[in-house]
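Please keep the sequence and the model at hand while reading.

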Amino acid sequence: MNRFSGIAILILGIVLFGCKSKMMITKTSDNISEAMENPVSVQNKIVRNNISDTTVTLKNFKINYASDQATHNFYGAAKLIPDSAILVSLRAPLGIEISRVLFKPREVLVLDRKGNRYLVGDYAYLENRFGLDLTFNLVNSLLVGNFPSGYQFLHRRKPFNSEDSAPTTDSLYVGDFFHSVKEKYKFQMWVHSSLIRPERFRFYKERNFQAFSVRYFDYVEYSKYYLPGKLQIEGGSKNDEYKIEIDYRKIELSSDKQINFNVPSKFKKIRLQ
């Protein structure tokens, strides 16, 4: 796999992008005390704000990818159709599309423009290749800032890092949540104190060993809605860490469910295993 397509799949496989999806927010002066006393109530508020019936189109975003080995900048666009498909286009700084990726509920399809290849894999491949146990639902939920389905409150143990325990003016630690399928990730969650919107997810399978984290910054109010202006993803092993920062430029909400993913006849199909 060439260098650019490999990086593209890596970025996309790491939970990639969070998107500016318009979600209704309920403000309350008792948010902090309520979260401390009733995390399930906070979870229910976030779930009520989930976007589930609207197509979200990211017209433009910028990605800064940095690891211990390299640093890269990308630009892109994406279209997210609930329960159906996530289409992502990645461009090099000169504006040339290097990869087009289609996430479907059971498989991931990649057009490698430079290599003239059509790659077909599934979420098991992403786990085997990158050590990330992802599903379409989890990727889609993080992309639109939803509380992931299938998760329930577990307990309020201290965060992995003790400095994350104390409430601040920006965020509040809520606790640990687990999936009904025990092999799936657990996560610790923080919310923005005044918005009851996700501020951070820290995913893990073994206690005190983070798989990756997702943080939301710079929420902006648009009428009754709050949109994040920046997303930061961190993960990797101790000697191979990465950080992805994504800045959002323009989004649209619509009922459009059309997907443009045409495979050129000259492209060679390769099954990723």
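Which residue just after α4 takes a positive phi? Glycine 131 does, with a phi of about 70 degrees. This is a predicted model, in which local features need pLDDT of at least 70 and side-chain atom pairs count only at pLDDT 80 or more, while totals for chains, interfaces and linings use all residues. Residues are numbered from 1 along each chain as its sequence is written, and side-chain values use heavy atoms, with hydrogens and water left out.

**Helix α4**

Helix α4 covers residues 123-130; helices (H or I, at least four residues) and strands (E, at least two) are DSSP runs, numbered from the N terminus. At its start, a side-chain oxygen of aspartate 122 comes to within 3.1 Å of the backbone nitrogen of alanine 124. Tyr123, Tyr125 and Leu126 of this helix are buried, where buried means under 20% relative accessible area, exposed over 50% and partly exposed in between (1.4 Å probe, protein chains only). Seen down the axis of α4, the buried residues fall within an arc of 150 degrees, so they line one face of the helix; the arc is that of the directions from the helix axis to the C-beta atoms.

Strand β4 (residues 97-103) pairs with β5 in the antiparallel sense over five bridges, two strands being paired if DSSP finds at least two bridges between them. Within this pairing, serine 99 stands opposite aspartate 112, and a hairpin of four residues joins β4 to β5. On to strand β6 (residues 117-121), β5 again runs antiparallel, joined by five bridges, and leucine 111 has tyrosine 118 as its bridge partner in β6. β5 and β6 also form a hairpin with four residues between them, and asparagine 116 in that turn has a positive phi of about 55 degrees.

**Salt bridges**

The structure holds eleven salt bridges, each a side-chain nitrogen of Lys or Arg within 4 Å of a carboxyl oxygen of Asp or Glu.

Lysine 184, in the loop between β8 (171-179) and β9 (186-192), and aspartate 133, in the loop between α4 and α5, lie 51 residues apart, and their pair links distant parts of the chain. Lysine 184 is partly exposed at 24% relative accessibility, whereas aspartate 133 is buried at 9%. Aspartate 112 is buried with a relative accessible area of 1%, and arginine 117 counts as buried at 19%. Glu97, Arg100 and Arg113 are linked in a network of salt bridges.

**Nonpolar cores**

A nonpolar core is a set of buried Ala, Val, Leu, Ile, Met, Phe, Trp, Tyr and Cys residues joined through side-chain atoms within 4.5 Å. The largest one has 58 residues, of which Phe61, Met189 and Phe203 touch the most other members. Helix α5 (residues 136-144) supplies the largest share of this core, six residues. A second, separate core of nine residues includes Ala85, Leu87, Tyr118 and Val120.

Conventions
Polar contact = N/O pair within 3.5 Å; in protein donor to acceptor, adjacent residues only side chain to side chain.
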